[in-house]
Amino acid sequence: PGGLVDLTAAAESSVNAVVYIKVTQTGKTQRVTVQDPFSDFFGDFFGFGGRGQQPQQREYKAPDRHGAGSGVIISSDGYIVTNNHVVGEADQIEVKLNDNREFKGRIIGCDATTDLALIKIDGKDLPTIPIGNSDELKLGQWVLAVGNPFNLTSTVTAGIVSAKARTLGANGIESFIQTDAAINAGNSGGALVNEKGELVGINAMLYSQ
């Protein structure tokens, strides 16, 4: 009591179970009808019968979209929790572990109202984070945010629980844990862990001006 909290064990035990998720949303192909705006004018002017030319059908493919985030392995056979906004629209999911192993991921289920998603990779004996009870968190308690901000893998930041049951109007159902641990783009879907290394939340959003 009264001593400094040692977060090294919690950081070392949790970082291996937090993964980097890269997603690809395939650009859609659209068919459009086009008409040469000059066909009638030049057809009449030069007399080669441009008037009445049939519209043409053309296909356009939008470019693929890429994104990235984090995820937390919760079972040794490859079930991973992340945010719905990270993987919800993905056509391809690539998962990279802290030891640089890479896997193809597939969506098991998504819930937009809580911004949570469950994906699966085919692996075994994978590192996991034990799940704690977020209801037991206290204001001022130390927590770690583990994720991949700015595409930098295996990043740990520390802070305290600043508020509980915070509502921001972002999702249909929400009761956020607010923390002052640094969370940046790419941390979405990563782990919020207590000093025991237990998972107590999924990093979901950055709130700032």
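Predicted model: local features only at pLDDT ≥ 70, side-chain atom pairs only at ≥ 80, totals over all residues.
Helices (H or I, at least four residues) and strands (E, at least two) are DSSP runs, numbered from the N terminus. Residues are numbered from 1 along each chain as its sequence is written, and side-chain values use heavy atoms, with hydrogens and water left out.

**Exercise 1.** Determine where confidence is lowest and where it is highest.

*Solution.* The mean pLDDT of the protein is 87. Confidence is lowest in helix H2 (residues 39–46), with a mean of 57. It is highest in strand S5 (residues 79–82), at 98.

**Exercise 2.** State the strand order of the open sheet formed by five strands, and identify its edge strands.

*Solution.* Two strands pair if DSSP finds at least two bridges between them. The order is S11-S10-S9-S12-S13, with antiparallel pairing. The edge strands, S11 (176–179) and S13 (199–202), each pair on one side only. Strand S10 (residues 155–166) is joined to S11 by three bridges; Phe-176 in S11 is the bridge partner of Arg-166.

**Exercise 3.** Identify the charged end that sits over the ring of Tyr-79.

*Solution.* The criterion requires NZ of Lys or CZ of Arg within 6 Å of the ring centre and within 35 degrees of the ring normal. The charged end of Lys-120 sits over this ring, 5.3 Å from its centre.

Key
pLDDT = per-residue confidence, 0-100.
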